[in-house]
Each structure stands twice: as structure tokens, then as C-alpha cells.
Amino acid sequence: MEKYKIKDICQVLNGRAYKQAELLQEGKYKVLRVGNFFTSDRWYYSDMELDENKYCDNDDLLYAWSASFGPRLWEGDKTIYHYHIWKLIPDLRKVNKYYLYYWLMNNANQLTAGTHGSVMAHITKSSMENQDIVLPNLDIQFKVSDILHTIDEKIKTNEKINRNLEEQCFAVFHELFDEEIKEDLYVQFGEYATFKYGTMPKKNKIVDEGYPIFSGYQIVGRYPEKMFDEPQLIIVARGVGGTGDIKYTPANCYLTNLAIAIMVNDKEYEDYLYHYLMCQDMKVLNTGSAQPQITVSSLEKYKLYFPEKNKAKEFSSMIKPFIGEMRIIQQETEKLNLLRDTLLPKLMSGELDVSDLDL
């Protein structure tokens, strides 16, 4: 094991800061911002030709350092990355890129312990570069990262299958309802559903093993209590980038106050409602000025279309095979996530010895 500073094993490169007027609705390059980094698929673009170190390419290692934090291996074409994201270029003579990615995941608390800023928390470039990192030899780094990367690749495969199944559900939805939905038949959302904010878990009760804590964006820890047994329909109510997104939680989860649970009065409308809301721009409900926010009150007054119950039941019946398969795959994915999260600290600390593994 050898001790380094981050600056000794990789370059930390800043992205470019943008004025709002420079962010276009369409253009040659996507501009990767922190919101896109985590959940949002609402993109800005740019036609600017920049220095090569202001672009990220497929499989580049990135790190979001402002407001929301964490590493990501970029998947996609040549893209401009925003100032609030660093590109990390590892010295491959000292560190395996994937090992560094998992080290950054495992050491999130250490990296964010000294965050700065009263309005928007951030990590300084200097503090990142001067972080201590202890590395095993490259052979051990490769074996550790290969175990974790194999799990992540299976998770990605599952997610791709589920996206395909969901596309089939939407095809059925559009076939059944596109001709039927009419604004003059809209009703207030509060007549058909009730809404409940999630709550922040108590820090002193967070555990290593327990029910997943779902932020509305991702699983952020484990808790000894749960709010919902089955996957729960939610809307992301606040945060960076994804406010207004419609999702289902994992089963048996605890929901934080970044999201609002949507509880349909008649469960036979739930499949219809999820697909209907996914086709709407729920961001119009934003009532925040400094930070995007959606409230229970704005949801209750939101107007939308509900079909006859028999039509909603017909839709549920038609997509039931797809939903069933998606739920099975999602459960497997949750187990894989838990396995990776359990192995990660043990592999990175050396508690699990991989020196004799033949990969």
C-alpha cells in the first residue's frame, strides 16, 4: 500500500462556466450540468468550439463538486462538461481508473466533510487535489475494480431491459388514450389522489443494513424503518435538476422529503396515472424561486384527464406482463445494488483479500 495525494495520481480539470444566454435549446454539443449528471434529461446545448480539455468523451471519469456530489463514468458522445464538474485524468502507472472511481464512491463522506459555501455547498479544487489516498498495487486495484464493475454492468443490462419494457407500455398507452384525452374533461388531481411528503431520516438511526432510503433520485443509505411495502408512485419535489420527475420507489423503502408520494384513491387507475404523468411536463408546478419546488397544494389543484374506469383497467390488463417482468428485474437490480454497496467498503479497505483471485 502506498500513500499519495489525489494530485499525485491524476489531473483535476475544471469545466467551463456558462452565462444563461450561452445555453441553447439545440446545438452541436450537449452541456453536461450537475442536474444531468444525476437524473435530469433536460439538456442545454452549445455550438462553441472549446479547448479539448473542456469536453468529456465516453468512459471519462468525472466528479460533480457543487450542490450534489459524486463520481461518474461518462456514457455518451463528446460533450461539454460544466464548471461544477471536474474531469479526472488518472496516471495509469499509479492508479486504475475504475479503482479510482470506486474509491471516490467509497470515500464520499471524507471528500464532502470540508465543503464550503453558505448558499451552495461545494468542494474546492485545492481540497480535492490534496486529499490523501492509499493505493494497493495495480494488480489488486484491477481485481477489486473488476469485481465491482461486473456487478455494475449487470445493473446496466437490467436497466436497459426495463427501459425497453417501459417503451412497450407507453406504446400501448398512446394507442389507447391519445385520441381520448381532451382538456374540457380535465379534473383536479386532488379529487382522485392524496399526497404525502417524505421525511428526512434521523442521522443517528442510519444503518449499514436495512431498508433503502430513497431520495427521489437514488438510494442514499439504509434505515431500520420503512414507509412503503410495495413500489410507491412519487414525484420529485425539490433538488437539483429532476424536480417534476415521476418515478416509482424501490419496494420496502423509506422516502426522504425530496419527494412526494402520490396515493391514488382507486389503485386500478395507478398504471394509467403513471404513464399519463410521464407524458406531462410536471415542472410547470414549480413554485420555488431560488430552488425548484413542487408542493402538495399545487398537486391537488393540478388538472388532468382520468378515463372511464373500465378503460384504465383494460390498459392495466394489457401491460400487466410487462410490469410483472419489470418488477422482477427491478428486485434483482436492488439486490445487486445492495451487494455492490456491501462489498465496496470491504474490498476498498482490504478486509476482503483478492490477491489470490485469478481474473
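How many disulfides does a search of the whole structure find? The search finds zero, a disulfide being a pair of cysteine sulfur atoms within 2.5 Å. Cys10, for instance, takes part in no disulfide, and the nearest cysteine sulfur, belonging to Cys56, is 16 Å away. Cys10 is buried at 7% relative accessibility, where buried means under 20% relative accessible area, exposed over 50% and partly exposed in between, with a 1.4 Å probe and protein chains only. Cys253 is likewise buried, with a relative accessible area of 0%.

The model is predicted, so local features need pLDDT of at least 70 and side-chain atom pairs count only at pLDDT 80 or more, whereas totals for chains, interfaces and linings use all residues. Residues are numbered from 1 along each chain as its sequence is written, and side-chain values use heavy atoms, with hydrogens and water left out. The predictor's confidence in each residue, pLDDT, runs from 0 to 100. It averages 90 over the protein chain, and 94% of the residues score at least 70. Confidence is lowest in helix α4 (residues 108-112), with a mean of 73, and highest in α7, at 97. Where pLDDT is low, the predicted coordinates should not be read in detail.

Helices (H or I, at least four residues) and strands (E, at least two) are DSSP runs, numbered from the N terminus. Ile89 is partly exposed, at 35% relative accessibility. Between Ile89 and Leu185, 96 residues apart in sequence, the C-alpha to C-alpha distance is 56 Å.

Helix α9 holds Gln330, which is partly exposed with a relative accessible area of 34%. Gln330 and Pro250 are 80 residues apart along the chain, and their C-alpha atoms are separated by 7.9 Å.

Helix α9 also contributes seven residues, the largest share, to the lining of the second largest pocket. A pocket is an open set of points on a 1 Å grid over the protein atoms alone, where a 1.4 Å probe fits, with protein on both sides within 12 Å along at least five of seven lines; lining residues have an atom within 4 Å of a point. This pocket is lined by 13 residues, with Glu270, Asp271, Ser316, Ile323 and Arg327 nearest its centre. The elements giving two or more residues to its lining are α7 (270-278) and α9 (309-349).
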